Amino acid sequence: SGNLGSPVVTALVDEGFQVSVTTRKSSSATFPTTVTAYRTDYSSDELRNIVNGHDAIVVTLGFEGFDIQIGLIEIAIAAGVKRFIPGEFGSDRTRPQGRRLKEFDAVLAPKQLVLERLQAAAQEQKLEWTGIATGPFFDWAIDGPFNSFGMDLSNSRATIFGSGNEQVTATNLGTIALAVAKVLQLPEKTKNRMLRIRSVQSSQNEVLAELEVATGTSWTVDRVETEGLVARGFEKLSKGDRFGFLDVLAVELFEDGAGRSVVVSEEDADNALLGIPFDTVKGTVERLVKQRAS
Ligand SMILES: NC(=O)c1ccc[n+]([C@@H]2O[C@H](COP(=O)([O-])OP(=O)(O)OC[C@H]3O[C@@H](n4cnc5c(N)ncnc54)[C@H](OP(=O)(O)O)[C@@H]3O)[C@@H](O)[C@H]2O)c1
């Protein structure tokens, strides 16, 4: 379930896969009748029974569930699972460390452990993996619960970090979900590597300009400097406020001149390998504005 899990389930079903999902016993999530849903406490015993007989595992757990992956990898190996798609779906963790904000990496430390364990398992030929680096979820970041692209469609108000010109590549949720299905359809070409995909390359200013056109209004703009935001984010996190993550994310994505946020150029993108489309900022923004109006 969740932001990514729901479209991934839809894409896998649409592409003809037989799909099982896991969900917490306490969860209120619902699933299509075409999938088998296992309510679980994620204990090793329960996971062993669930995983048995499956060819691939796709992890779309939210942040609080990231650690489950470590035990799950061992269970997948023992059960003879062929492909493990870890909960990556962000920046390209296989790039040199210096290309990412170290504080951002620190928040996402469990992802690094998972990747290293998968790389070791692949080296020992125990399990194949594929990571998918997507940049921000573009449509979800513009009109989702956290407004992580700084755009507030309800109030026609934008928060621009720094100049607003920093270049960012990002991928729409439906395209990411389709990429997951395509990876499983192309196991040989996609094994043991991080794939880098994108829908668009853009900036906060460009997205804002397209939103002003699509909504036919002039937006209010709040300007925020990225300096000091990382410290503010960590202070919030230390007090148990998980929204502190958004301050750190804003610096990771939008800090002027940092050059961290272009996951991949259009020419080097793995979209062609997977047969998934690019999109435009205009097209995405128009779709989101239309969805709101309907
Ligand atoms: N690049 C981006 O912009 C971006 C944005 C968001 C997420 N991501 C990445 O995408 C992946 C999925 O994130 P998401 O936002 O889709 O996740 P999410 O919606 O926050 O959570 C997905 C599901 O995880 C389950 N879950 C939550 N807490 C759990 C816990 N403590 N133990 C076990 N299960 C738990 C819940 O399922 P049930 O209720 O069914 O149990 C929830 O619906 C992650 O790897 C994340 O880092 C990337």
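Colleague: Which residues of the largest nonpolar core touch the most other members?

Modeller: In general, nonpolar side chains tend to be buried together in soluble globular proteins. The model here is a predicted one. Its largest nonpolar core has 69 residues, and F84, I132, I176, A179 and V180 touch the most other members. Helix α7, residues 173-185, gives the most to this core, with eight residues.

Colleague: What is F84 in contact with, leaving aside its neighbours within four places in sequence?

Modeller: The contacts of F84 are then I57, I73, A76, L118, L127 and W129.

Colleague: Which residues come nearest to the ligand?

Modeller: There are 22 residues around the ligand, of which G2, S27, G62, G65 and G87 come nearest. By type, this shell divides into eight nonpolar, 12 polar and two charged residues.

Colleague: Which element gives the most to that shell?

Modeller: Helix α1 does, with four residues. Both α1 (2-14) and β1 (20-24) supply at least two residues each.

Colleague: Now helix α10. Which of its residues are buried, and which exposed ones does the face turned away from them carry?

Modeller: In α10, residues 229-238, the buried ones are L229, V230 and G233. Seen down the helix axis, the buried residues of α10 fall within an arc of 100°, so they line one face. The face turned away from the buried side carries the exposed residues A231, E235 and S238.

Colleague: What do the buried residues of α10 pack against?

Modeller: They pack against α4 (102-107) and α11 (244-254). Just after α10, G240 takes a positive phi of about 85°.

How values were computed:
Residues are numbered from 1 along each chain as its sequence is written. This is a predicted model: local features need pLDDT of at least 70, side-chain atom pairs count only at pLDDT 80 or more; totals for chains, interfaces and linings use all residues. A nonpolar core is a set of buried Ala, Val, Leu, Ile, Met, Phe, Trp, Tyr and Cys residues joined through C-beta atoms within 7 Å. A residue is buried if 20 or more other C-beta atoms lie within 10 Å of its own, exposed if 12 or fewer, and partly exposed in between; C-beta atoms are placed from the backbone. Two residues are in contact if their C-beta atoms, placed from the backbone, lie within 7 Å. A residue is near a molecule or strand if its C-beta atom, placed from the backbone, lies within 6 Å of it. Ala, Val, Leu, Ile, Met, Phe, Trp, Tyr, Cys and Pro count as nonpolar, Asp, Glu, Lys and Arg as charged, and the others, Gly among them, as polar. The arc is that of the directions from the helix axis to the C-beta atoms.
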